[in-house]
Structure formats: structure tokens, C-alpha cells
Amino acid sequence: MPQGKPEVVPEDGLTTRQRRNRPLLAVHTGAMKGKSTAAFGMALRAWNQGWSIGVFQFVKSAKWKVGEETAFRALGKVHEDTGQGGPVEWHKMGEGWSWARKSGTDEDHAANARDCWAEIKRRLVAEQHDFYVLDEFSYLLHWGWIDVDDVVEALTTRPGHQHVVITGRNAPAKLVDAADLVVEMTKIKHPMDAGQKGQRGIEW
């Protein structure tokens with residue numbers, strides 16, 4: 001899109017304003033880091049517009065305090081105190097289903113994941129948030145814990161003006177096909193290639 005202009009304007013009967021303001025379903029996938037980081041960057045812009053933000057973090061441990069969570073909780077407090085920006089909710093789903101599995105069986109985790117998805121669907125129907133981050137959600141679809149067809153149906157028929165960003169590796173083809181914006185993070189180089197582990201201020 002040179003200079004931010006679309007190369008093709010579809011004959012869909014919409015005005016430029018209507019087409020520009022359609023809510024987006026975005027998918028950030030691929031093997032490289034940066035998927036969640038990019039999603040939270042979008043959420044910052046959404047907060048600045050005064051939109052309601054709903055973050056649902058599915059895989060990272062519930063005990064792991066990532067920097068984005070601290071920052072967004074602080075921004076939620078700013079909104080409560082001053083009216084600036086938008087309201088923020090941050091929910092951690094489970095105890096870390098891919099990186100730090102602890103108590104419970106796979107079926108326990110899968111049932112918990114389905115309950116969490118049911119709550120997100122309820123919020124979509126109620127138009128509870130303007131901007132959703134479903135962080136690491138693609139793993140649940142890849143593992144078969146949540147039905148891809150159900151997710152695609154709920155997201156493509158969601159009412160109102162609700163943007164949704166899904167992150168995680170191995171995004172299913174049906175989800176990719178349904179999305180408006182798809183990014184694949186591809187590794188060129190990584191500090192771990194040289195034996196360097198993650199560090200404060202970069203990974204968390």
C-alpha cells in the first residue's frame with residue numbers, strides 16, 4: 001500500500017469512511033517473537049482513542065507478571081482517575097498451558113479453555129469491549145481444545161464495532177482465511193542463537 005493508499009478499491013457499495021471504519025480481525029502468527037508485542041502496541045493506540053480494552057491471556061503462566069500487564073493496569077487506573085483513554089480489563093486464563101503446565105490434566109485445561117472462550121463469546125455478543133487481545137489463543141485451536149469453526153463463526157458475525165487481535169504460533173488456516181489482517185513473524189536472527197537468554201525490559 002504505497003503512501004497508505006489501497007491499490008484496489010472494491011465495488012462494494014460502501015463509502016470510503018464506511019470501508020475505513022470496518023472492525024478488523026487480526027492474526028499475529030509465526031515462529032518469531034513479537035506477536036504479542038505488536039498486538040499490545042495496537043491496544044495502546046486503541047486505549048488512546050478511548051476504547052474499552054479487553055485482554056485475555058491464554059498461555060503464559062498466571063503467576064508471570066509481564067510488563068504489558070503492569071502498564072495496561074496502570075492505564076486502566078489512569079482512565080478511572082482522569083477519564084483519559086479507555087477502560088482496561090486483563091484476564092489470565094489458567095496456569096500456563098504450553099510453557100509451564102503444572103496441576104491438572106490436558107482435559108482439565110481444555111475444559112477451562114472452553115469456559116474462557118464461552119465468556120469471550122458472551123462479551124462479543126454484548127459488545128462489551130471495543131478492542132480485544134486474545135493472546136496466545138491460536139495454541140488452543142491448534143491443539144483442538146476449542147473448535148475452530150465455532151471461533152470463526154463467532155468472530156465473523158460479531159456485532160457492532162469490535163476489533164479482535166489473536167496471537168500465537170500455528171494459526172489454523174480457517175482462522176487465517178477469515179482474518180482481515182494477518183502477520184507472520186519470521187526469524188532472521190535471535191539472541192538465543194548466540195546463547196543469550198531473555199532479559200528484563202526486552203522479554204518481560
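**Figure 1. Surroundings of helix 2 in the predicted model.** The buried residues of helix 2 are covered by elements that include strand 1 (25–29), strand 2 (53–57), helix 3 (67–82), strand 3 (88–92), strand 4 (131–135) and strand 5 (163–167). The structure shown is a predicted model.

Figure 2. Helix 2 comprises 14 residues (35–48) and reaches 21 Å from its first C-alpha to its last, close to the 20 Å expected at 1.5 Å a residue. Its buried residues are Lys35, Ser36, Ala39, Phe40, Ala43, Ala46 and Trp47. Viewed down the helix axis, these buried residues fall within an arc of 115°, so they line one face of helix 2. Arg45 and Asn48 are exposed and lie on the face of helix 2 turned away from the buried side. Just after helix 2, Gly50 adopts a positive phi of about 85°.

**Figure 3. The largest nonpolar core.** This core contains 28 residues, and Phe58, Leu134, Phe137 and Leu155 have the most contacts inside it. At least two core residues are supplied by each of strand 1, helix 4 (106–126), strand 4, helix 5 (138–142), helix 6 (148–156) and strand 5. Helix 4 provides the largest share, six residues.

**Figure 4. Contacts of Phe137.** With neighbours within four places in sequence left aside, Phe137 is in contact with Phe58, Trp117, Ile146, Val151, Ile166 and Thr167.

Figure 5. A separate core of 15 residues includes Ala39, Ala43, Ala46 and Val133. Among these, Ala39, Ala43 and Ala46 are buried residues of helix 2.

Conventions. Residues are numbered from 1 along each chain as its sequence is written. This is a predicted model: local features need pLDDT of at least 70, side-chain atom pairs count only at pLDDT 80 or more; totals for chains, interfaces and linings use all residues. Side-chain values use heavy atoms; hydrogens and water are left out. Helices (H or I, at least four residues) and strands (E, at least two) are DSSP runs, numbered from the N terminus. The expected span of a helix is 1.5 Å times one less than its number of residues. Buried means under 20% relative accessible area, exposed over 50%, partly exposed in between (1.4 Å probe, protein chains only). The arc is that of the directions from the helix axis to the C-beta atoms. Contact means heavy atoms within 4.5 Å. A nonpolar core is a set of buried Ala, Val, Leu, Ile, Met, Phe, Trp, Tyr and Cys residues joined through side-chain atoms within 4.5 Å.
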